[in-house]
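Welcome! Take a moment to look over the sequence and the fold, and then we will walk through a few features together.

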Amino acid sequence: MTITTKGLVPEDHRFCYKVQDLSLDYCYEYLDAELCLTLSWFPRVVDVSLASTHITDRGLETLAKYCPSIETVNLSRCGSITDSGINFLLQNCHKLRTLYTGSCSSITGIGFLECPKTLTHLEAGGCKLTPEGINALVSGGGLEILSLLTREDELAEVGEGSINTEAVMMISKGCPLLKKLFLSNCGGVELQGWEAIGRNCKDLELLNVYGCKKFCDSGLQALCNGCDKLQSLFIDDENSCSRPALEDFKRKKPGVIIHLHDIYAEIIMSEMKNVKKDKTEE
């Protein structure tokens, strides 16, 4: 490949037909037209990363047109794309399975309306998701991995309450196949949201609630009662869980690994050792 003022120019066009993985991350110097031209040279690409570039909706149309077999697209921190571009991509790339749109500040989520069930992995933290957008986001019903992780420095812009109780209730009902859910810094989720997860997310294996200040003892109990396949739980001292509740959860769910970022770490680890010791003695 040769870098010119017109973009990335392949020295041998035959090489382009063999490329399946393409990364153009952080190509700040290229305008959308140059990125479009570059994408048109790789018709067999299945995994493309355009994170932190100036790609626009027009670029996504080019991607959908010239790369019909695309399976994974990374658009993280691409501030120029909108719901319109996302919708075009989803409706025209029928093999798309994984989509990263984290920190795309112009996305509200409505572009995901009627998204194909083939989309199983979505990262959309840091977007300005609306209630209508959340409803659209889960409309496909095929999501197995969903990340709505929002960085602390994005909360002021995105809004700490954008992923709230109602949003989590919609997600739990609309994603029956969900296995991994990341809700870091979603401070607006209250007890009804955690109860909905326990009630509806029967296949959930991993839950991250770092920074979820309203994740409490009753919420922990709801997970204990309903999420029988849970294997990993990420919590920290921003949560409202008490030490006795954590100890009780660990006794009832000894198979769940608790990834703890707080003062209770040593206590939980000690409890885990005691459970193993009791099993050995039995």
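How many aromatic pairs does the structure hold? There are three in this predicted model. A pair of aromatic rings is described by the distance of the centres and the angle of the planes. Two of the pairs are set out here, including one formed by Y26 and Y28.

| Pair | Centre to centre | Angle between planes | Geometry |
|---|---|---|---|
| Y26 and Y28 | 6.0 Å | 70° | edge-to-face |
| Y210 and F234 | 5.9 Å | 85° | edge-to-face |

Y26 counts as partly exposed, because its relative accessibility is 45%, a value between the 20% and 50% cut-offs. Y210 and F234, on the other hand, are both buried. Y210 sits in the loop between β10 (206-208) and α9 (217-226), while F234 belongs to strand β11 (residues 232-236), so their pairing ties together parts that are 24 residues apart in sequence.

Next, have a look at helix α7, which spans residues 165-174. Its buried residues are T165, A167, V168, I171, S172 and G174. The cover over them includes α5 (131-137), β8 (145-147) and α8 (191-200).

Finally, step back to the whole chain. It has 11 helices and 12 strands, and 52% of its 282 residues count as buried. Of the contacts between residues at least 6 apart in sequence, 68% join residues at least 24 apart. The chain exposes about 13,300 Å², with carbon and sulfur atoms supplying 50% of that area.

Definitions and conventions
Residues are numbered from 1 along each chain as its sequence is written. This is a predicted model: local features need pLDDT of at least 70, side-chain atom pairs count only at pLDDT 80 or more; totals for chains, interfaces and linings use all residues. Side-chain values use heavy atoms; hydrogens and water are left out. Helices (H or I, at least four residues) and strands (E, at least two) are DSSP runs, numbered from the N terminus. Buried means under 20% relative accessible area, exposed over 50%, partly exposed in between (1.4 Å probe, protein chains only). Contact means heavy atoms within 4.5 Å. Accessible areas come from the Shrake-Rupley method with a 1.4 Å probe; for residues, only the protein chains shown count as cover. Rings of Phe, Tyr and Trp (its six-membered ring) pair if their centres lie within 6.5 Å; planes under 30 degrees apart count as stacked, over 60 as edge-to-face and the rest as tilted.
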